[in-house]
Amino acid sequence: MSRRKGKSSRELGLELGAICGKHFFKLENLHYGYWTLDLSIDLANLHKAQEQYTDFLTSHIPHEVKTILDVGCGTGHIAQRLMDAGYNVDCVSPSHFLSEQVHALLGDRAHLFECMFEQLKTDRKYDLILFSESFQYVGMGKALENITDLLNAGGCLLICDFFKVENGEKSVMSGGHKLQKFHDLIAHYPFELVKDIDITPQTAPNLDLFDTAMKKVAAPALEASFDYLNGRYKLIARLLRWKYKKQIERVYAKYFNGKRSAEDFRKCRTYRFLLYKKLYPHFTSISTVESHKKPVLCCSAK
Ligand SMILES: C[S@@+](CC[C@H](N)C(=O)[O-])C[C@H]1O[C@@H](n2cnc3c(N)ncnc32)[C@H](O)[C@@H]1O
């Protein structure tokens, strides 16, 4: 299993997010918050909103689950929560930077596969495979093949992430697979949809907060770092700017453009909690699975 060479702008964005979030707001997670009506939408409350998201996620894990594979485990804090609750957890993380944090947090408590999920090879099997805001990063076809292989019969796939919705409007946001494409694809695999909860209203406020944090904290912090380097180590600063020119430009264009808003997110994305159950081996025919294209249950979270 090899790690990816080089670093994409999305990866760099996640790492910057982890550094700024931890440093300025004491955040431990990389996911959106779950904003309930009693929580005012303020950066100071993001920590609480993220806790609520993890509570929401873990409260929906089926009782029979004992072993979990946390794919794209970020900083490892969800895995830690799961282990504290008694689950046996393994993690997947392609980012060396984040993997180091996971090692520091979890030590030997969890096995960490440091690779992309699409490249994961193991004989281990799990009762539940979790994608908490990480499904958007994986190639869906290869991921669904791996998920099918890695799950025990009757095991569960839990995806909590946002997807693109086709509404004819153009969004400035990137990220997220097309929801319809995902439904069409998973219909070819032996899964039954058990729960489909739309948590867009609870997660969308994050976009306004993110925009504020980028403008007021991350951009000035980056500029200050470059100014500091420029003043003290001119040559190194120039070298860094030159070496990472494209990535820096992409991060600026994507994260500091001031155009990402909750309103835009609500129009063009849908944040879903999706729980699937793997059907037993005799269930192989694509046509039989076809009926599962339709969501079995779709409801809104409170
Ligand atoms: C937005 S973070 C979510 C982290 C964590 N699950 C959480 O909820 O806080 C996305 C995660 O997906 C991981 N990731 C990106 N591409 C991946 C891939 N191809 N396979 C597995 N994980 C991936 C990133 O390294 C990061 O840990």
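G139 is partly exposed, because its relative accessible area is 34% and the class "partly exposed" falls between buried (under 20% relative accessible area) and exposed (over 50%), with a 1.4 Å probe and protein chains only. The residue is found in the loop between β4 (126-132) and α5 (140-150). This is a predicted model, in which local features need pLDDT of at least 70 and side-chain atom pairs count only at pLDDT 80 or more, whereas totals for chains, interfaces and linings use all residues. Residues are numbered from 1 along each chain as its sequence is written, and side-chain values use heavy atoms, with hydrogens and water left out.

**Overall architecture**

- The protein has 12 helices and eight strands; these are DSSP runs numbered from the N terminus, helices being H or I with at least four residues and strands being E with at least two.
- Of the 302 residues in the protein, 50% are buried.

- The C-alpha atom of G139 is separated by 10.0 Å from that of M116.
- Along the chain, G139 and M116 are 23 residues apart.

**Helices α2 and α3**

- Two packed helices are described by the angle between their axes and the distance between the axes.
- The axes of helix α2 (residues 46-59) and helix α3 (residues 77-84) come within 11 Å and cross at roughly 50°.
- Here the axes are lines fitted to C-alpha atoms, for helices over the stretch in contact, and angles run from 0 to 180 degrees between N-to-C directions.
- The two helices α2 and α3 are therefore oblique to each other, a class that takes the angles left over once those under 35 degrees count as roughly parallel, over 145 as roughly antiparallel and 65 to 115 as roughly perpendicular.
- The crossing of α2 past α3 is right-handed, a term used if the near helix is turned clockwise from the far one by less than a right angle, and left-handed if anticlockwise.
- On the side of α2 the contact is made by E51, Y53, T54, D55, L57 and T58, and on the side of α3 by I78, R81 and L82.
- These contact residues comprise four nonpolar, two polar and three charged; Ala, Val, Leu, Ile, Met, Phe, Trp, Tyr, Cys and Pro count as nonpolar, Asp, Glu, Lys and Arg as charged, and the others, Gly among them, as polar.

- L46 is in helix α2 and counts as buried at 9% relative accessibility.
- Leaving aside neighbours within four places in sequence, L46 is in contact with L27, G33, W35, N206 and L209.
- The C-alpha atoms of L46 and W35 are separated by 8.6 Å, and the two residues are 11 apart along the chain.
- H77 lies in helix α3 and is buried, with a relative accessible area of 16%.
- With neighbours within four places in sequence left aside, the contacts of H77 are E28, N29 and L105.

**Salt bridges**

- A salt bridge is a side-chain nitrogen of Lys or Arg within 4 Å of a carboxyl oxygen of Asp or Glu, and by this rule the count comes to eight.
- One of them joins the side chains of D55 and R81, at 2.7 Å from N to O.
- D55 lies in helix α2 and R81 in helix α3, so this pair ties together parts that are 26 residues apart in sequence.
- Both partners are partly exposed, D55 at 38% relative accessibility and R81 at 28%.
- E263 forms a salt bridge with K267, and their closest N and O atoms are 3.8 Å apart.
- E263 and K267 both lie in helix α11 (residues 262-268), four residues apart, which is about one turn of the helix.
- E263 is exposed, with a relative accessible area of 51%, whereas K267 is partly exposed at 36%.
- Salt bridges that share partners join E51, D55 and R81 into one network.
- E166 and K178 form a salt bridge in which the closest N and O atoms are 3.6 Å apart.
- E166 and K178, 12 residues apart, are both in the loop between β5 (151-164) and α6 (179-186).
- E166 is exposed at 60% relative accessible area, and K178 is partly exposed at 40%.

Methods: Contact = heavy atoms within 4.5 Å.
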